[in-house]
Each structure stands twice: as C-alpha cells, then as structure tokens.
Amino acid sequence: MRMKKGGKRFEIACYKNKVMSWRNKTEKDIDEVLQTHTVFTNASKGLVAKKLDLLHAFGTDNQTEICHLILAKGELQVSEKERNMHLESMFRDIATIVTDMCVNPDTKRPYTVTIIERAMKEDIHYSVNPNRNAKQQALQVIKLLKEKISINRAEMRLRFFIPGKDSKKVKEKLIPLVKTIEHEEFSGGLELVCLTDPGCYRQLDEVISRETRGKGKLEVLNLKEVEESEEVL
C-alpha cells in the first residue's frame, strides 16, 4: 500500500487479501495484515524511509503507528484483474446479504441471489464501493431497490410443528438459524413460533423435512418489518 504525504511517497508491505478485512474490522491482528512493520519509500526495492522524512510527514517516527495510518487511508496497489475479481466478489456478497435480509412482500418469500444481482445491474445500475463494507452497501441497495421492485426489509415469523420424541434433537438444529423464539409448547409434539431472517428460510425448511422424514410442518405466519433505526452496523 502507498500514501503520498509531505511531498513524498511512503509504502508498506502487506497481504492484499487481508487489507479489506482489516478495514472492515473482521481482521484485528495487524501482524496478519503486515509483512513487516517497516515503512518504505519503495517496498519492492526494499528502500526504507528515512526517519527525518517520517517525522516531517507524519509527526512521528513510530513505524507501527504510520503503518496503521497507511492501512486506513492509503491506496492499495492491485492489478486491474485483481481489482475486477474483488469487485465481482463483493457485488455477490452484497446481493447475498440483501437476499438474507429481505422478502418479496407479495409472495412472502425471499428472492434468490440471482434475481437480486440482476436487479442491482439492470434496475439500479449499482457500482460497488471497495472502501465500504458489504453490509453497509447492502442497506443502501435495499433503499434503491425499493424504488424499482417489490421488496421489504423484514424478518419472517414462522411456526414449526415437530412430532414425536425426537423433537428436542430437531429443535437443537433449528436454534442456530432463528433469531427469537416467541412461543414454545409441547402437546403431542413440539410447536415453536420464531422470528428469523429470510435467508435462513430454505435451510430451516430442509432441516424440518430431513430430520422429521417429511412429518414436520413449517408455516409462514407473517412478516415483521424491520425499521432502519433497528439496524445496527
């Protein structure tokens, strides 16, 4: 990565695939991002920056502090091919998050990732911002899509009925996929009313079908709209 400051160029040697993880705060160990804590004027040639130049440009010669600053605000040097691959991957990540968070209010079912990707390209002509994380951009995409297609940010309220003595074992497999259990009752089988993100619907349906050998039931009761103020980034 490089940064121009005080009329000079400074570079650090880092692992390209870790830089965005650091900026998105999913990677917290700087030693996993930096190859070395040294600041260079030309990293590929191994030319180390002079102490006086660092003091003049950054007001400190603490190389780790300067590395932090360049990681946060510097320019990542990547080839056009690498950049395009990263943008394509991020585009799909954004579409996947939108799919996980939203439903078609007419069918009360989630959209597929393919449909969301097509809408992002053809309806709102969305361009990925590589300096913002996918979750932030997904929330922006939802607002833009609302002007073009029928889509709502919502949680699904589902009712499960799991018959028989294995209901406790099946419940344990459902729990990681639900956000809130609103009602639980056992009467000849286990009945649960839960809230979940739309993106988990298919997985829940598969678990119920597989673990109960088709004897369990999954029913969509209604949708609980999520207000933007409830969303924490």
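This is a predicted model: local features need pLDDT of at least 70, side-chain atom pairs count only at pLDDT 80 or more; totals for chains, interfaces and linings use all residues.
Arg213 is exposed, with a relative accessible area of 72%. Arg213 sits in the loop that joins helix H8 (201-211) and strand E9 (217-225). Look at the backbone here: Arg213 is not a glycine, and yet its phi is positive, about 55°.

Next, select Lys108. Which two elements does the loop holding Lys108 lie between? They are strand E5 (102-103) and helix H5 (113-122). Lys108 also has a positive phi, in this case of about 60°, and is not a glycine. Its relative accessible area is 36%, and Lys108 is therefore partly exposed, since that term covers values between 20% and 50%.

The last stop is Asp53. Select residues 51-58 to show helix H2, which includes Asp53. Is Asp53 buried or exposed? Asp53 is buried. Arg9 is 44 residues from Asp53 along the chain, and the C-alpha atoms of the two are separated by 10.0 Å.

How far from Asp53 is the nearest side chain of opposite charge? That side chain belongs to Lys8 and is 4.3 Å away. A salt bridge needs a side-chain nitrogen within 4 Å of a carboxyl oxygen, and Asp53 has no salt bridge.

How values were computed
Residues are numbered from 1 along each chain as its sequence is written. Side-chain values use heavy atoms; hydrogens and water are left out. Helices (H or I, at least four residues) and strands (E, at least two) are DSSP runs, numbered from the N terminus. Buried means under 20% relative accessible area, exposed over 50%, partly exposed in between (1.4 Å probe, protein chains only). Lys and Arg count as positive and Asp and Glu as negative; His and the chain ends are not counted.
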